[in-house]
Amino acid sequence: EEVNTSSDNYVAWNWKAGGSASSNSDGDVTSSVSANTTAGFSIVKFTASSSSGAMTVGHGLGATPQVVIVKDIGAAGNWQVYFEGIGTANQQYLKLNDTAALANYSNLWGAGMTSSVIGIGVGDVVDASESDIAYCFAEKKGYSKFSQFVGNGSSDGTFVYTGFKPAMMIFKPTSTTGNWFILDNKRDTINPLTLSLFPNLSSAETGTYTSDFLSNGIKIRLSGNPNASGVSYINNITYSYSNNRTCH
């Protein structure tokens with residue numbers, strides 16, 4: 001019923017991986033990987049090593065991922081998010097299910113990310129001997145964009161350059177606590193877009209977060225979140241108008 005309640009409206013954001021998973025032995029443990037190298041997206045299933053410490057896992061993208069989202073399958077825990085370029089690469093993290101600001105934990109991401117493997121801290125990101133899933137995203141020019149910006153606190157808000165017309169966008173403040181925001185052009189088809197959903201909340205969408213999807217980026221038209229003065233944000237995932245599909 002959570003995804004099929006009578007008369008309720010739903011939205012889904014979908015990334016096409018590479019079909020059936022293949023065995024990948026690039027890392028310290030063998031992973032099962034479904035990778036779409038053209039779109040820069042892979043799904044990685046693996047079992048963490050039996051002892052704590054740094055480990056590596058093959059991701060199959062052939063390019064260094066800018067964003068990695070990791071979750072234990074068999075244990076309760078957070079959705080840990082790696083985002084390239086914020087703080088120290090192998091220490092900083094966000095939680096997809098939480099409002100917490102960017103946090104620091106030594107060697108959380110092991111030795112970091114490369115074009116063949118993701119770095120994982122066993123006992124920190126995942127638990128020893130547990131089954132895990134990772135979603136890995138590598139930027140593709142004209143299709144996806146991962147960046148950061150600082151809010152200006154004005155209704156004539158920050159312009160976030162993408163180089164293409166966005167179809168969906170995810171924001172998160174990093175220098176302070178705050179919700180994750182998702183905007184897309186399927187629930188909201190005409191500028192200004194106002195309908196936002198929050199991955200860390202169970203609440204319904206709200207229509208108070210105003211932005212325009214333009215031919216080459218997003219113009220935020222709100223003085224508060226996600227454009228509060230002096231607050232740093234990640235523009236976590238932006239996908240292009242022509243290639244992205246949002247089911248509604």
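Glutamine 92 counts as buried, because its relative accessibility is 12% and buried means under 20% relative accessible area, with exposed over 50% and partly exposed in between (1.4 Å probe, protein chains only). This is a predicted model, where local features need pLDDT of at least 70, side-chain atom pairs count only at pLDDT 80 or more, and totals for chains, interfaces and linings use all residues. Residues are numbered from 1 along each chain as its sequence is written, and side-chain values use heavy atoms, leaving out hydrogens and water.

Back to glutamine 92: you'll find this residue in strand β8, residues 92-95. Strands here are DSSP runs of E, at least two residues, numbered from the N terminus. The glutamine 92 side chain makes a polar contact of 3.1 Å with that of asparagine 104; such a contact is a pair of N or O atoms within 3.5 Å, and within protein one must be able to donate a hydrogen and the other to accept it, while residues adjacent in sequence count only if both atoms are side-chain atoms.

Now for the sheet around β8. Eight strands make up an open, antiparallel sheet, ordered β2-β3-β4-β11-β6-β7-β8-β9; strands pair if DSSP finds at least two bridges between them. At the edges sit β2 (22-24) and β9 (103-104), each pairing on one side only. Between β7 (residues 80-83) and β8 there are two bridges, and glutamine 80 stands opposite lysine 95 in β8.

What about the packing? The largest nonpolar core has 23 residues, with Phe46, Val70, Trp109 and Ile120 making the most contacts inside it. A core like this is a set of buried Ala, Val, Leu, Ile, Met, Phe, Trp, Tyr and Cys residues joined through side-chain atoms within 4.5 Å. Its largest share, three residues, comes from β10. Apart from it there's another core, of 18 residues, including Phe83 and Ile182.

Finally, the rings: there are 10 aromatic pairs. Rings of Phe, Tyr and Trp (its six-membered ring) pair if their centres lie within 6.5 Å; planes under 30 degrees apart are stacked, over 60 edge-to-face, and the rest tilted. Phenylalanine 41 and phenylalanine 137 have ring centres 5.1 Å apart and planes at 40°, so that pair is tilted. Phenylalanine 41 lies in β4 and phenylalanine 137 in β11, so the pair ties together parts 96 residues apart in sequence. Tyrosine 82 and tryptophan 109, with centres 5.7 Å apart and planes at 75°, are edge-to-face. Tryptophan 109 is buried, at 0% relative accessible area.

Methods
Helix = DSSP H or I, 4+ residues; strand = E, 2+ residues; numbered from the N terminus.
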